[in-house]
Amino acid sequence: MENPLPNENHVAEEAIIRKRQPTKPRIGVFGVGYFKYWSQFDGLLDDMLRKQAVFIEKIETVGHAELVDFGLIDTVQKAYELVPKLNAANLDLIFCDMLTYATSNTFGAIIRNLNVPIVLVALQPDQAMDYSRASTYMQLYNDDICSLPEFAGVAARMGKPVPEIIIGTLYDDPQADAEIEEYCRIAAVLHDLRTSRIGHIGHPIEAMLDMHSDSTMFTAHFGAHIVQCEAHEIVTQYQQTERADIESMKERILDFFDTPDPVSDPISEKLRDTDLETAARVTVALEKFVEAKQLDGLAYYYEGPENSETRLVMSNLIVGNSLLTGAGFPMCGESDLKTCFAMLIMERLGIGGSFAEFHPVDFKEGFVLVGHDGPHNVAIANGKPVLRSLTKYHGKPGFGAGVEFKIKEGPITMLSINSTFDGKFKFIIAEGQSVEGPIPPTGNTNTRGFFKPDVRTFLKKWMKEGPTHHFALGVGHHAAAIAKIAGYLGLEAVVIDQ
């Protein structure tokens with residue numbers, strides 16, 4: 001697994017973006033073993049409990065989770081007793097710690113009656129047995145993988161997906177530790193998908209048929225609630241802003257963003273004082289609106305009457321929404337709820353998640369510009385993001401400050417969520433590279449995206465999967481983790497084969 005967000009956000013940036021409190025998913029742990037061993041091998045049970053304690057400590061160290069320890073299950077009776085406890089614990093994910101060989105009746109009873117994702121964890125304590133001194137006790141002490149095929153086979157016979165599996169050693173195994181952390185992040189995603197309140201204002205631009213979605217289906221497939229909001233709720237907050245708050249916000253914005261002179265685009269100018277004033281006032285209003293509505297994200301598009309205060313406010317959400325997105329509240333233009341959820345998934349995985357679409361291809365160097373106008377995830381900007389005044393927003397009404405930056409160089413992941421003909425969601429995922437080089441100085445965010453085997457082949461493969469024209473863009477390579485999330489949700493996921 002690629003590392004999550006690089007630790008480059010300094011203290012001042014944290015204060016400016018005001019990061020949300022990280023999600024604490026509820027994770028359950030139970031160990032499995034075979035009761036007949038305990039009377040045959042004195043001390044083995046104590047060793048198993050010590051192994052489980054080490055594993056639990058690992059989760060507590062990397063997982064930032066609320067952990068529920070269900071002890072050691074070594075008989076089918078205990079397995080049946082455990083089922084109602086697991087179901088009552090409101091868990092987001094469960095680790096089954098394969099401590100030694102265990103008969104699969106301990107697992108069959110559990111997986112048959114449970115709909116919470118389970119990960120089988122087989123971490124033997126020794127890198128290898130000391131064969132010159134080996135004993136049955138030593139073998140049982142390291143027999144963590146022994147029951148994996150039996151458990152997998154029983155899952156299949158119960159009509160359940162074979163659980164994900166972690167195989168490694170209990171000590172000094174960075175790969176296993178990274179996998180544990182990844183599953184804890186996945187648990188955080190699953191938690192927030194089923195508990196989030198995502199605001200929705202207006203409607204998608206009428207011409208964009210791929211954008212439309214059924215709010216109820218987000219509750220059906222993810223569990224989240226779509227909060228139908230009104231533009232006037234932000235406008236009212238705008239009207240009630242106080243001068244001290246506006247001035248403080250202007251300082252926050254100027255501390256965070258660069259405001260360079262215009263370059264080649266005739267519709268872009270150096271940030272005007274009037275646009276800074278409007279952006280600051282709208283940002284104050286937006287933060288109060290999000291707090292009042294208890295939102296975890298927002299998808300919006302609302303034009304309002306020409307020359308009205310409503311249009312002024314609703315067309316100047318870009319700066320505030322960019323700061324909120326960077327803080328962990330995904331904000332999505334063009335009322336794109338599906339991409340708002342894609343951004344939420346990436347944010348909770350710790351990989352960013354910025355609003356994006358494809359822009360022109362550079363056939364000379366073999367890349368495609370990936371970006372969008374409007375709000376973006378400033379937490380994954382390469383260097384200091386830029387604010388420019390735009391005399392017009394292309395394709396949309398209004399004018400004002402635009403956010404421009406390129407995301408961090410290195411590996412990137414894209415996620416498009418679209419609706420299928422039968423009313424379900426489909427995840428379309430790809431990995432590429434963000435590479436150094438100039439981007440258009442248009443007051444819009446763009447990144448040079450390189451994809452294998454070449455840009456033409458990649459784009460054809462991506463389009464053939466039926467994506468929306470928007471997607472979430474994150475840092476690192478995390479296609480496998482996102483595909484697992486889709487699987488846990490019972491949704492189709494396609495990773496574009498490179």
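Modeller: Helices (H or I, at least four residues) and strands (E, at least two) are DSSP runs, numbered from the N terminus. This is a predicted model, where local features need pLDDT of at least 70, side-chain atom pairs count only at pLDDT 80 or more, and totals for chains, interfaces and linings use all residues. Residues are numbered from 1 along each chain as its sequence is written, and side-chain values use heavy atoms, with hydrogens and water left out.

Let's start at glutamine 237, which sits in helix α10, residues 231-239. Is glutamine 237 buried or exposed? With a relative accessible area of 19%, glutamine 237 is buried (buried is under 20%, exposed over 50%, partly exposed in between, using a 1.4 Å probe and protein chains only). If you skip its neighbours within four places in sequence, glutamine 237 is in contact with Ala285, Lys288, Phe289 and Ala292 (contact means heavy atoms within 4.5 Å).

Now find helix α12, which spans residues 273-293 and lies across β6, β7, β9 and β10. Helix α12 runs at about 125 degrees to β7 (axes are lines fitted to C-alpha atoms, for helices over the stretch in contact, and angles go from 0 to 180 degrees between N-to-C directions).

Those strands make up an open sheet of four, in the order β7-β6-β9-β10, with parallel pairing (two strands pair if DSSP finds at least two bridges between them). At the edges stand β7 (225-229) and β10 (331-332), and each has a single partner strand, so one side of each is left without a neighbour in the sheet.

Go to strand β6, residues 197-202, and you'll see that five bridges join β6 to β9, residues 297-301. These two strands run parallel, and glycine 199 stands opposite leucine 298 in β9.

Back at the edge strand β10 (331-332), have a look at cysteine 332. How far is its sulfur from the closest cysteine sulfur? That closest sulfur belongs to cysteine 340 and is 5.4 Å away, which is too far for a bond (a disulfide is a pair of cysteine sulfur atoms within 2.5 Å). Seen from the other end, cysteine 340 is in no disulfide, and by this rule the count comes to zero disulfides. Cysteine 332 is buried, with a relative accessible area of 0%. Cysteine 340 is buried too, with a relative accessible area of 0%.
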